[in-house]
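Subject: Structure for you to look at

Hello,

Please find the structure below, as promised. My notes on it follow, arranged by topic so that you can read them with the structure open.

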Amino acid sequence: MNAALRKTLATTAISILSLVSLLPFYIMIVMGTYKNEDLFTRIVLLPGNYLLQNLKTVSASRFDLVYMNSLIVSLSSTALSVFVSACAGFAFAKHDFRHKNKLFAFILLTMMIPGQLGIVAYVIEMRYLQLSGTLLPLILPWIANAFGVFWMTQFIRSAVPTEVLESAKMDGCSSVGVFFRIVIPFIYPAITTLSLLVFLWSWNNYLLPLIIVNKPELFTIPLGITSLGDAYRTDLAAQILGLTLGTLPVLVLFAIGSKSFVRGLTAGSVKG
Amino acid sequence: MHTVKKNWAPYAFLSPYMLFYTVFGLFPIVFSFYVSLTSWDGIGDKTFVGLANYKYLFDPDSHFFQSVGNTLLFVAVTLPLQMAIGLLVATLLYSRWVKWKGFFQLVNFMPYIVTPVAVGLLFNLLFDWQAGFVNKVLLQLGLVDEGVYWLGEPLYARIVIAVMLIWKGFGYTMVFYLAGMANVPKDLHEAAYVDGASGLRAFFSITLPLLKPVTVFIVITGIIGGLQLLEEPMLLLGGSGMGSSVAVIGGPDRCCLTTVWNMYDTAYGSTTRYGLGAAIAYGLCLIIAAFSFAGARLYKGDSE
């Protein structure tokens, strides 16, 4: 096979697969631009002209509030989780202390535990602490993130040179100073990747809010999307537009961060 | 920093994690185990019943093993295909023959990052009996005489879920394979090329063996993640919102009831049996532990 033929074949194959990936999204976006009645009568392939009216229907359901809730929950979860993970990762990667290996093995073990294991009691705990009327129950479980600790430990161990840390200590820099001034700047790629992941996980989380959130004012995007269905049972077009709007933020985030995400994965996780 | 052994620093840096894990991670897990030994609806008094809830898991009425079987079936069917397609896309993207790598990479990763709830609802719309895109196209092309009842027949419903999971999941395996390929030394391929090995040969005897750690990682995380399947089938079939107003638990004949869906329905859906719900969660955890253990053994056996 010559090079030109290979190039054509490879490009054709990847294009077909990409089309398969994109088609449902395309249908979703296009359906959101039509009047509800039109969706039942014909196949819609090109964008329609009903987008603004559908937008009005969606915004009447206080979708902006749902958006805000999701942003608050995901941003706080991400910031806290990444910070706490980086702290613990620094402790494991660059310090010696008693039972260190046992503790690290235990944290690795907890990575295997499904998130649903403690959920029944967690809901009771939140009720007992009188937090069920707030967004906090959706943030707290992300803060201690075993995967994050594993990730940060691996990265700090390989990316931060111990000599630099030691010379900074010699110069009289405190441990906290070393962490913020030296460790953090070295691990930006790991921070980016972990942030994207935690944001994605918490943004998409459905089971916990479904169980714990009991009033519409606290709905996050996944709940908001399903409740659009209840409010507009007949208006399919508005519901689909809601789906599009709800998935937009993570798509934009990954479109921006996609390159550094994969770079971070390459540098960190899969060295065996 | 091995110089100072008795140092407060590591403990200080670890303390936030330990604190939050103990209060919001470990405590609920331990307390859930206690709940699983009781009969409790969350409002009245707890009655200690010992292992009765666990015994009930073996009763067909609990649908526990049925739901585990359904979930394992989905994993067994979809994971190999996700891996094959993901590996194919990664190989194409990593080859010299494809341009706009960043763009194609993002496009194929998109299904994975979309909210699972939205994926379930989207496929519910696409495969709707009446207004669905798929049926309309099939009718238009004259391939069927009347719309296929995709979500009402057990076999069809399972096929739709498998298609949905493969569509959603191959981007995940692609990303990890891409990351793994970047760590395969380039000169190995050049050496193979100089020695006259074909591209296919080089792929099977150099790239694939070197990607083994990635493959093991994907298999283990894929099984653990797959066993926790919930949103996609629930919103595809649950009728929560769009489509039918009747909540169907687990689809036709509960053929698509997953373990976590079963737990949710037991504790917070059809019934409020917290104790039984907690027991289902522990049962699932045991099954995941068994798979993780087997996976770890396999991994160790390979590297020796």
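**What I found**

In this predicted model, the contact between the two chains draws 84 residues from chain B and 77 residues from chain A. On the side of chain B that touches chain A, the most is given by helix α1 (residues 9-36) of chain B, with 17 residues. Sorted by class, that side of chain B consists of 64 nonpolar, 17 polar and 3 charged residues.

**Confidence**

The predictor assigns the complex an ipTM of 0.88 and a pTM of 0.89. For chain A the average pLDDT is 86, and 94% of the residues score at least 70. Among the elements of chain A, the highest mean pLDDT (95) belongs to helix α7 (residues 140-143) of chain A, and the lowest (71) to helix α2 (residues 36-41) of chain A.

For chain B the average pLDDT is 85, with 93% of the residues scoring at least 70. Two stretches of chain B deserve a note. Residues 1-5 of chain B have a pLDDT below 50, and this stretch has 7 contacts in the model beyond near neighbours in sequence. Residues 240-246 of chain B also have a pLDDT below 50, and here the model has 19 contacts beyond near neighbours in sequence. Where pLDDT is low, the predicted coordinates should not be read in detail.

**Chain B as a whole**

Chain B contains 13 helices and 2 strands. Its C-alpha atoms fill a box of roughly 80 × 75 × 30 Å along the principal axes. Of the 304 residues in chain B, 45% are buried. Taking the contacts in chain B with a separation of 6 or more, 70% are between residues 24 or more positions apart.

Helix α8 (residues 186-194) of chain B is hardly covered, since the count of buried residues among its 9 residues is 0. Just after α8(B) comes G196(B), with a positive phi of about 90°.

**The nonpolar core**

Which residues have the most contacts inside the largest nonpolar core? They are A88(A) and A281(B), in a core of 161 residues. Helix α7 (residues 154-182) of chain B supplies the largest share of this core, 16 residues. Leaving aside residues up to four places away in sequence, A88(A) touches V149(A) and M152(A), and also F13(B), L14(B) and Y17(B).

**Helix α10 of chain A**

Helix α10 (residues 175-186) of chain A has 12 residues, which at 1.5 Å a residue should span 16 Å; its end C-alpha atoms are 16 Å apart, which agrees. The buried residues of α10(A) are S175(A), V178(A), F179(A) and V183(A). Viewed down the axis of α10(A), these buried residues fall within an arc of 95°, so they line one face of the helix. On the other side of α10(A), the exposed residues are F180(A), R181(A) and P185(A).

What do the buried residues of α10(A) pack against? Their partners are α4 (63-94), α8 (146-159) and α9 (162-170) of chain A, together with α1 of chain B.

**Individual residues**

Most residues other than glycine have a negative phi.

- H63(B) has a phi near 60°, a positive value in a residue other than glycine. H63(B) sits in the loop between α2 (52-56) and α3 (64-94) of chain B. Is H63(B) buried or exposed? It counts as buried because it has 22 C-beta neighbours inside 10 Å, and 20 or more is the cut-off.
- D253(B) has a phi near 55°, again positive in a residue other than glycine. D253(B) lies in the loop between α11 (231-237) and α12 (259-268) of chain B. With 11 C-beta neighbours inside 10 Å, D253(B) counts as exposed, the cut-off being 12 or fewer.

In chain A, S59(A) belongs to helix α3 (residues 51-59) of chain A. S59(A) is exposed, because 12 other C-beta atoms lie within 10 Å. S59(A) and G242(A) are 183 residues apart in sequence, and their C-alpha atoms are 9.2 Å apart in space.

Regards

Conventions
Residues are numbered from 1 along each chain as its sequence is written. Chains are lettered from A and ligands numbered from 1 in the order in which they are written. This is a predicted model: local features need pLDDT of at least 70, side-chain atom pairs count only at pLDDT 80 or more; totals for chains, interfaces and linings use all residues. Helices (H or I, at least four residues) and strands (E, at least two) are DSSP runs, numbered from the N terminus. Ala, Val, Leu, Ile, Met, Phe, Trp, Tyr, Cys and Pro count as nonpolar, Asp, Glu, Lys and Arg as charged, and the others, Gly among them, as polar. pLDDT is the predictor's confidence in each residue, from 0 to 100. A nonpolar core is a set of buried Ala, Val, Leu, Ile, Met, Phe, Trp, Tyr and Cys residues joined through C-beta atoms within 7 Å. The expected span of a helix is 1.5 Å times one less than its number of residues. The arc is that of the directions from the helix axis to the C-beta atoms.
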